[in-house]
Amino acid sequence: MKKSAAIILVVISLFYLAMEAQSAINTGYLSDGRPSVPTNVQASDGTYMDKVQVTWTASPGATSYTIYRATRRWGTKRALGTTSDTTYDDTTALAGKIYYYYITATNANGTSGFSVYDKGWWRRPIGIGSPEFRAIGGVSMGAYGAMNIGLGRPDFFNTIASLGGPLDMSYLLKFMEVDMLGNYDNPEAYPSRDTLVDMLKDLTISFGNPVYYNTVSTYYPPGITAENARVSTTLSNFFDWELNPEGSLPVITYEDPDPGDWVEVLLALDANGDGRRNLGERVLRQFHEPFVDANANGMCDSGETFDDFGLDGVSGTSDEGEGDEVFTYNPNHDNYLAEDPLIRAETLPLTDLQPLNLYIDAGTEDEFQFNIHAENFVQTLLGRGLFVRVKNDFPENFPGISHFDEKRVYVRYPGGHVGFDEENIGLSFEQAKQGIEGAIVVANRFTTLFSFASDHFIGGDFGTDPYELYRYPSEIGVAYFNSPSLNRKMKFGIYLPPGYSRSSTNYYPVLYLLLGYNMSVEGMANSWIRTALDAFILTGEMQKMIIVIPDGLNYKNQSGHFFVNQIDQERGDKFKDYFFDLVTYIDTFYKTK
Ligand SMILES: [Ca+2]
Ligand SMILES: [Ca+2]
Ligand SMILES: [Ca+2]
Ligand SMILES: [Ca+2]
């Protein structure tokens, strides 16, 4: 373009911009009664993968708006549609193409002029994101998250792997009631009471308080509010069939174990009336009406008799469930049962459950009794006529890798809940190389998860070589994305296999790896894990795949969120929706198969 022509174009552009500015400052009705020109037009810029969304500020008196689109700044404006709303989704735009959007406002007196335009476009995802090339796995809290999310969306995942986590919410409630709160002053160090109380708080945020039912709060016990939860508070006439049948003893809020560490979600019986909880003073448990536990399993089974006295177990107090002729449990428990992997395994149509590849492991001496969860879960699968290969211990030990051909596998490894306190899994891999026993168990568990996911993705890109490792190396690290559901930036870890950057048309399966309590994205997405994964690919033990590590921390309290849409939105957030936001983001920006 000649310089003089460019100057003319600039002058003309300035002229039109001035005209638009003129129309933009009009407010209220025009003198002839037509509505004013709509302002603040915003068309989305690559935000969506299937549309451009256009929004604007309402013009006073307008009854409808017409949306126009042009392919060039001064091109012909084509009417797309009319709406009385102030939002319009343009689903007919071509991917990646920039459009110019204009709005007019209409009422009985006529139609306004065109608004100032805004440019908008949408992107086509880079990845394909087929369910058959998507796996979800996790450890501990993440094992629960993986099985709960995976079985909740069997159309979305091909493989689900669950390493030592709660899979049976009824049994988890029994564990909290009987083993944890029934044995509150147990001096055994692991898992510490502090850990268990923290877990109980986070479960309460996620699903509601399992211990008491309070009609005005899913978090605080009855009689407790934000005002009195963290100060010495005494409740009188608090009935409990076990500890306070006459309601004559004081019931208190308490700090545990340190001053300032208010438990908030629990109440204790103040037997000696000094206003503090002393060693041996019991925590009140009102999970359900009292029952006769004929088979001594800690749970009320059909046929066992109960007292229809309400959750406090005391006759004549007219509390929740009293005299309704059915066995009453805390209504909050329904939130636990609505997100229960075992119930999902019981109720999912067989045609949805049967195609899934399921891998489960548990330590035979798991301190949280998650091995019993695993046994109950496997029994459920067997009860539905689905074969499960059960193996005692891993066939191979790190650096050897265990492989299974079967669709469903359960490994019982000898030992406890290894991994829970192992903040840095990468470090465990490093220590496993030095022959440290506990670290080898951690490495066995994760390598079996990786190989199970890899072996159950059909086909695959196997092998690499020193040239590729040098020229197109793998990448691992921490990245961020904007989660629309949480309306905030969130962290995740990601591993891209060697050769990922070699071409633009190589696609890979994805494993979403959900971490447990006390585990960090940085502890997984580090150079030790990268070295191990590269080695598995080099030796052909694992196909090239993308591994994504969502952040398991509730950003409001820096504690675990269980990957659910939490009941308590004040202390929690929608972390299941956030997980699916991340899947969408990964399929948009990474070459998923
Ligand atoms: Ca006391
Ligand atoms: Ca029972
Ligand atoms: Ca009662
Ligand atoms: Ca009842």
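Here is a short briefing on the structure above, grouped by topic.

This is a predicted model, in which local features need pLDDT of at least 70, side-chain atom pairs count only at pLDDT 80 or more, and totals for chains, interfaces and linings use all residues. Residues are numbered from 1 along each chain as its sequence is written, while chains are lettered from A and ligands numbered from 1 in the order in which they are written. The protein is divided into domain 1 (26-120) and domain 2 (466-589), with bounds that come from an automatic or database domain assignment. The C-alpha centres of domain 1 and domain 2 lie 39 Å apart.

**Helix α9 and helix α10**

- Helices here are DSSP runs (H or I, at least four residues), as are strands (E, at least two), and they are numbered from the N terminus.
- Helix α9 covers residues 425-433 and helix α10 covers residues 437-455; their axes come within 8 Å and cross at roughly 115 degrees. Axes are lines fitted to C-alpha atoms, for helices over the stretch in contact, and angles run from 0 to 180 degrees between N-to-C directions.
- Angles under 35 degrees count as roughly parallel, over 145 as roughly antiparallel, 65 to 115 as roughly perpendicular and the rest as oblique.
- The crossing of α9 and α10 is left-handed, a term used if the near helix is turned anticlockwise from the far one by less than a right angle, with clockwise giving right-handed.
- From α9, the residues I425, S428, F429, Q431 and A432 meet A439, I440, V442, A443 and F446 of α10. Contact here means C-beta atoms, placed from the backbone, that lie within 7 Å.
- Sorted by class, the contact of α9 with α10 has eight nonpolar, two polar and no charged residues. Ala, Val, Leu, Ile, Met, Phe, Trp, Tyr, Cys and Pro count as nonpolar, Asp, Glu, Lys and Arg as charged, and the others, Gly among them, as polar.

**Helix α9 and helix α13**

- Helix α9 also packs with helix α13 (residues 527-538), at an angle of about 60 degrees and with axes 7 Å apart.
- This angle makes α9 oblique to α13, and the crossing is left-handed.
- On the α9 side, I425, G426, L427, F429 and E430 meet W528, I529 and A532 in α13. This contact divides into six nonpolar residues, one polar and one charged.

**Two loop residues to look up**

- L515 sits in the loop between β19 (510-514) and α12 (521-524), and L515 is buried because 27 other C-beta atoms lie within 10 Å. A residue is buried if 20 or more other C-beta atoms, placed from the backbone, lie within 10 Å of its own, exposed if 12 or fewer, and partly exposed in between.
- Beyond its neighbours within four places in sequence, L515 is in contact with G138, V139, G142, M524, I549 and G552.
- N183 is in the loop between α3 (169-180) and α4 (193-207), and N183 is exposed, with 10 other C-beta atoms within 10 Å.
- N183 and G280 are 97 residues apart in sequence, yet 9.7 Å apart in space, C-alpha to C-alpha.

**Backbone features to spot**

- Most residues other than glycine have a negative phi, and most peptide bonds are trans.
- D256 and P257 are joined by a cis peptide bond, with omega about -5 degrees.
- Another cis peptide bond joins F398 and P399, with omega about 10 degrees.
- S318, which is not a glycine, has a positive phi of about 55 degrees, and S318 is exposed.
- D393, also not a glycine, has a positive phi of about 75 degrees and lies in the loop between β15 and β16.

Terms used
Two residues are in contact if their C-beta atoms, placed from the backbone, lie within 7 Å.
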